[in-house]
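Welcome, and thanks for taking a look with me.

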Amino acid sequence: MGTSAVVTEAFAAINAGLAVLTALVTEARAGSGAGTDSGADTCGDPAARLAEDCLEILAAVAGSEPRMAAVKALAAAKYVETAALIAGPRTAPGDAAGQEMAVRAEIACVLTIGHRAAGALLGQAQMLTTTLPLTLSALQAGTMSWQHARVMVDEAATLHPEGAAGLEAHFLNPGPDAPDPTRACTAGQIPAFRFRHKARTWRERHHADSIEKRHAKSVLDRRVEYTPDQDGMAWLSAHLPAHQAAAIWNRTTAISRGLQGPGESRTLTQLRADTLAAALLNTGTPFTTGNQPGDGEGRDPGRVPTPRAQVLVTVPLVALLGATVEPAMLDGYGPIPASMARDLVANGAESFYRVLVDPRDGAPLEIGRTSYRLTRAMKHALHLRDGKCTFPGCNNQSLDNDIDHLTAWQHGETTGISNLAQLCPKHHELKHNSGWTPTAAARSQSPGWPSPTGRNYKAEPHDWEPPHWPQQPQNQQKPEPRHQPCPGPGQPDFIHIGLSLGEGGIERFLHTAV
């Protein structure tokens with residue numbers, strides 16, 4: 001049998017299977033008794049069996065789509081290789097570029113996509129087949145979606161081969177040879193947009209060039225862009241240093257929440273847009289700053305002040321002191337240069353938390369209380385642990401969430417961190433008005449979420465890392481923290497900086513979380 005016949009037969013079998021599944025979900029009716037025996041306990045209810053079948057099909061599709069994507073990438077990469085062999089050696093100027101254009105054009109036409117999209121696909125296929133073997137294997141096994149694979153390609157594109165291998169090993173090598181299996185998360189078990197955040201965080205920490213050097217170059221690209229849209233609307237976007245963007249977002253959200261009330265019909269999203277527009281269009285320059293507060297001289301409308309809105313930053317103490325260049329962590333964003341955190345301390349944060357972390361894995365240490373009311377330290381410790389709403393796939397940031405008891409206080413549970421979780425308003429309502437019930441949490445682990453159908457969706461795993469130690473002379477022995485239960489004298493901990501909104505400046509708070 002020729003190759004073309006094999007391809008035709010294989011896809012005929014695939015299409016036949018798809019026809020069976022399509023008939024199952026389109027022809028079956030709830031209550032008709034149709035559906036397969038999935039083994040779930042549906043108590044003989046035909047509607048429940050059909051619902052379970054639909055979920056089984058969706059789960060199977062989620063595993064089959066990446067396998068098709070892997071075939072697509074392999075076929076694209078092999079076509080590039082084969083087309084080059086057919087074309088033979090090209091020595092004339094422009095031959096290589098012409099051949100590349102011809103290949104892109106062929107791929108674009110056969111897939112009915114644009115020339116640019118075809119080029120992106122070929123670049124991704126080349127990375128997967130040469131630089132990212134574990135990612136390609138995960139696609140072929142159906143354990144990672146094409147969207148996850150694109151994240152790996154994007155984050156590995158600016159890494160050296162050793163860095164790309166480390167990125168894959170951290171997220172895709174769960175075996176005994178993994179660098180640290182206890183911290184690596186399973187990429188395919190979290191949504192691709194959340195995985196992008198984790199992969200970007202790893203890249204920032206482990207890039208061969210320091211984040212200080214890369215930020216100094218990237219900050220030159222800051223800009224504001226304007227894009228007309230339909231129906232009399234337009235987009236206004238700004239590319240800013242992360243701490244400025246986070247502070248603007250948090251301040252806009254805080255002001256907008258303050259405007260909500262029984263007589264306010266606008267949604268929070270609409271209020272954010274109106275608040276931002278009002279701040280920029282009101283008479284006067286909203287960001288004028290003097291050398292001293294209230295100083296009318298020397299105002300510079302182009303000078304951007306250090307953020308005064310509420311932002312949360314976790315920075316290793318030794319990096320805060322300038323002894324290392326380890327990145328700090330900006331809540332809701334990820335790694336930022338330590339110099340940016342130092343600027344917040346020097347010019348913005350008049351107060352901060354000292355939060356000790358476990359030197360073995362970088363996790364914040366447990367703090368618990370026996371009263372129903374949460375202390376400010378507990379709230380910030382919860383921000384450190386969860387970082388966002390704990391519902392699977394939700395990306396709502398810490399400062400915009402409710403804090404809820406997993407098991408009600410009146411049922412005998414405590415107000416310790418293990419019985420608390422961050423929930424956005426939508427998922428807070430879901431918890432109290434549906435069959436979704438979160439599991440118990442832990443000091444360093446957010447709660448999981450069993451669904452009403454009996455499926456259990458795990459909490460998004462953390463990727464904390466131990467603090468870096470400053471370089472020491474070779475004749476000086478480096479302290480070994482791994483066998484100590486908590487940081488001892490002289491060991492690096494983390495400073496948790498909180499900048500809070502206020503008329504007269506930043507609220508002072510200092511608390512040791514131990």
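1. You will find L111 in helix α3, residues 95–111. Not counting residues up to four places away in sequence, L111 touches K72 and L121, where a contact means heavy atoms within 4.5 Å.

2. Please keep in mind that this is a predicted model, in which local features need pLDDT of at least 70 and side-chain atom pairs count only at pLDDT 80 or more, while totals for chains, interfaces and linings use all residues. Residues are numbered from 1 along each chain as its sequence is written, and side-chain values use heavy atoms, with hydrogens and water left out.

3. How confident is the predictor? The average pLDDT of the chain is 74, and 63% of the residues score at least 70; pLDDT is the predictor's confidence in each residue, from 0 to 100. Confidence is highest in helix α6 (residues 146–156), with a mean of 95, and lowest in strand β12 (residues 512–513), with a mean of 30.

4. Two stretches call for some care. Over residues 478–495 pLDDT stays under 50, and the model has 50 contacts beyond four places in sequence for them. Over residues 497–514 pLDDT also stays under 50, with 58 such contacts in the model. Where pLDDT is low, the predicted coordinates should not be read in detail.

5. Now for the overall picture. The chain has 15 helices and twelve strands; these are DSSP runs (helices H or I, at least four residues; strands E, at least two), numbered from the N terminus. Of the 514 residues in the chain, 38% are buried. Among contacts with a separation of 6 or more, 60% join residues 24 or more positions apart. The chain exposes about 28,900 Å², and carbon and sulfur atoms supply 56% of that area (Shrake-Rupley method, 1.4 Å probe; for residues, only the protein chains shown count as cover).

6. The buried residues of α2 include L50, I57, P66 and A83. Just after α2, G88 takes a positive phi of about 75°.

7. Next, helix α8 (residues 192–206), which is mostly covered: eleven of its 15 residues are buried. Among them are F195, W202 and R205. The cover over these buried residues includes α6, α7 (161–172), α9 (211–218), β4 (328–330) and β5 (334–336). T201 lies in α8 and counts as buried, because its relative accessibility is 6%. Leaving aside neighbours within four places in sequence, T201 is in contact with M329, G334 and P335.

8. Finally, have a look at the surface. V224, Y226, L236, L240, I248, L276, L280 and L281 form a nonpolar patch there, with about 820 Å² of accessible area together. Two or more residues of the nonpolar patch come from each of β1 (223–228) and α11 (268–281), and α11 gives the most, with three. V224 sits in strand β1 and is exposed, with a relative accessible area of 58%.

Key:
Buried < 20%, exposed > 50% of the residue type's maximum accessible area, 1.4 Å probe, protein only. Patch = residues over 30% accessible without salt bridge, like charges linked within 9 Å, V, L, I, M, F, W, Y side chains within 5 Å. Salt bridge = Lys/Arg side-chain N within 4 Å of Asp/Glu carboxyl O.
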